[in-house]
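Here is a short report on helix packing, salt bridges and local backbone features. The structure comes first.

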Amino acid sequence: MDNVVLLEFIRECNSELIADKPVLYEAYFLKIYVAFERFLGDLFEEYCLGNSSSKGYVPRRKLDFDCLEQLRNVLNSGKKLNYIDYIDKIKNLSKNIFDDNPFDILLEDAENVTYFNQMTLLRNCIAHESEFSKKKYKEGCLANGDFIPPGEFLIAKKSGQTQSNYTLFVNKIIEISEGLITPAEEA
């Protein structure tokens with residue numbers, strides 16, 4: 001398992017961005033975030049099955065699964081569901097599946113947790129446009145300040161930063177994806 005597809009998709013999106021089009025920032029951020037979620041889900045499955053990353057990293061497991069069907073059956077609590085919320089499974093089960101949880105980079109590193117939570121709130125606000133998702137976005141990304149549309153927030157730079165929020169989020173996705181596939185001794 002590697003992050004080549006994710007990184008190539010990010011490069012494609014970034015090459016198409018037009019600075020004065022906030023809606024494009026929203027669209028590309030949403031697409032990149034969804035690709036990152038898919039990467040996390042695929043990697044979680046691969047690691048649960050004992051497979052290595054493209055860089056040779058194989059996390060030690062507490063639980064061994066025989067096949068993908070068995071793993072998915074366990075993740076779905078035996079129900080025949082078409083969807084698995086891998087982010088939820090990573091947050092709630094990975095510590096019980098792995099000796100040295102490879103997803104701690106996403107779950108335990110304070111900076112990464114903050115960025116990931118903000119990206120999730122931003123994704124929900126863009127995707128749902130509900131009052132609830134806007135409220136959570138305002139609380140988590142705008143520190144309860146004045147509401148600004150997600151696209152404008154993505155183009156904006158935080159105080160003291162030289163990069164836009166969009167660039168900071170995308171770079172964090174790249175950094176986390178690299179950390180997830182790199183053996184601990186190389187990190």
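## H2 against H4

Helix H2 (residues 22-48) and helix H4 (residues 86-97) pack at an angle of about 30 degrees. Their axes are 10 Å apart. H2 and H4 are therefore roughly parallel to each other. Angles under 35 degrees count as roughly parallel, over 145 as roughly antiparallel, 65 to 115 as roughly perpendicular and the rest as oblique. Axes are lines fitted to C-alpha atoms, for helices over the stretch in contact, and angles run from 0 to 180 degrees between N-to-C directions. Helices (H or I, at least four residues) and strands (E, at least two) are DSSP runs, numbered from the N terminus.

The model is predicted: local features need pLDDT of at least 70, side-chain atom pairs count only at pLDDT 80 or more, and totals for chains, interfaces and linings use all residues. Residues are numbered from 1 along each chain as its sequence is written, and side-chain values use heavy atoms, with hydrogens and water left out.

The crossing of H2 and H4 is left-handed (the near helix is turned anticlockwise from the far one by less than a right angle; clockwise would be right-handed). On the H2 side, the contact (heavy atoms within 4.5 Å) involves Glu-37, Leu-40, Gly-41, Phe-44, Glu-45 and Cys-48. H4 supplies Tyr-86, Ile-87, Lys-89, Ile-90, Ser-94 and Ile-97. By class, the contact of H2 with H4 has seven nonpolar, two polar and three charged residues. Ala, Val, Leu, Ile, Met, Phe, Trp, Tyr, Cys and Pro count as nonpolar, Asp, Glu, Lys and Arg as charged, and the others, Gly among them, as polar.

## H2 against H9

H2 also packs against H9, at an angle of about 10 degrees and with the axes 11 Å apart. H2 and H9 are therefore roughly parallel to each other. From H2, the contact takes in Tyr-25, Tyr-28, Phe-29, Ile-32, Phe-36, Phe-39, Leu-40, Leu-43 and Tyr-47. From H9 come Tyr-166, Phe-169, Val-170, Ile-173, Ile-176, Ser-177, Leu-180 and Ile-181. The contact of H2 with H9 divides into 16 nonpolar residues, one polar and no charged.

Asn-165 lies in helix H9. Is Asn-165 buried or exposed? Asn-165 is buried, with a relative accessible area of 3% (buried means under 20%, exposed over 50%, partly exposed in between; 1.4 Å probe, protein chains only). Residues up to four places away in sequence aside, Asn-165 touches Phe-153, Leu-154, Ala-156 and Lys-158.

## Salt bridges

Side chains of opposite charge can pair when their charged atoms come close. The whole structure has 10 salt bridges (a side-chain nitrogen of Lys or Arg within 4 Å of a carboxyl oxygen of Asp or Glu). One of them joins Glu-178 and Lys-55, with the closest N and O atoms 2.7 Å apart. Glu-178 lies in helix H9 (residues 165-181) and Lys-55 in the loop between H2 and helix H3 (68-75), so the pair ties together parts that are 123 residues apart in sequence. Glu-178 is partly exposed at 24% relative accessibility. Lys-55 is also partly exposed, at 38%.

Asp-99 and Arg-60 meet at 3.8 Å, N to O. This pair links distant parts of the chain, 39 residues apart. Asp-99 sits in the loop between H4 and helix H5 (104-107), and Arg-60 in the loop between H2 and H3. Asp-99 is partly exposed, with a relative accessible area of 39%. Arg-60, Asp-99 and Asp-100 are linked in a network of salt bridges.

Lys-135 pairs with Glu-139, the closest N and O atoms being 2.8 Å apart. Lys-135 and Glu-139 are four residues apart in helix H7, so about one helical turn separates them. Lys-135 is partly exposed at 46%, and Glu-139 is partly exposed at 30%.

Most residues other than glycine have a negative phi. Ala-143 has a positive phi of about 50 degrees although it is not a glycine. Ala-143 is in the loop between helix H7 (131-141) and helix H8 (150-155). Ala-143 is exposed, with a relative accessible area of 67%.

Asn-144 also has a positive phi, near 60 degrees. Asn-144 is in the loop between H7 and H8, and is exposed at 53% relative accessible area. Neighbours within four places in sequence aside, Asn-144 is in contact with Lys-138 and Glu-139. Asn-144 and Lys-95 are 49 residues apart in sequence and 33 Å apart in space, C-alpha to C-alpha.
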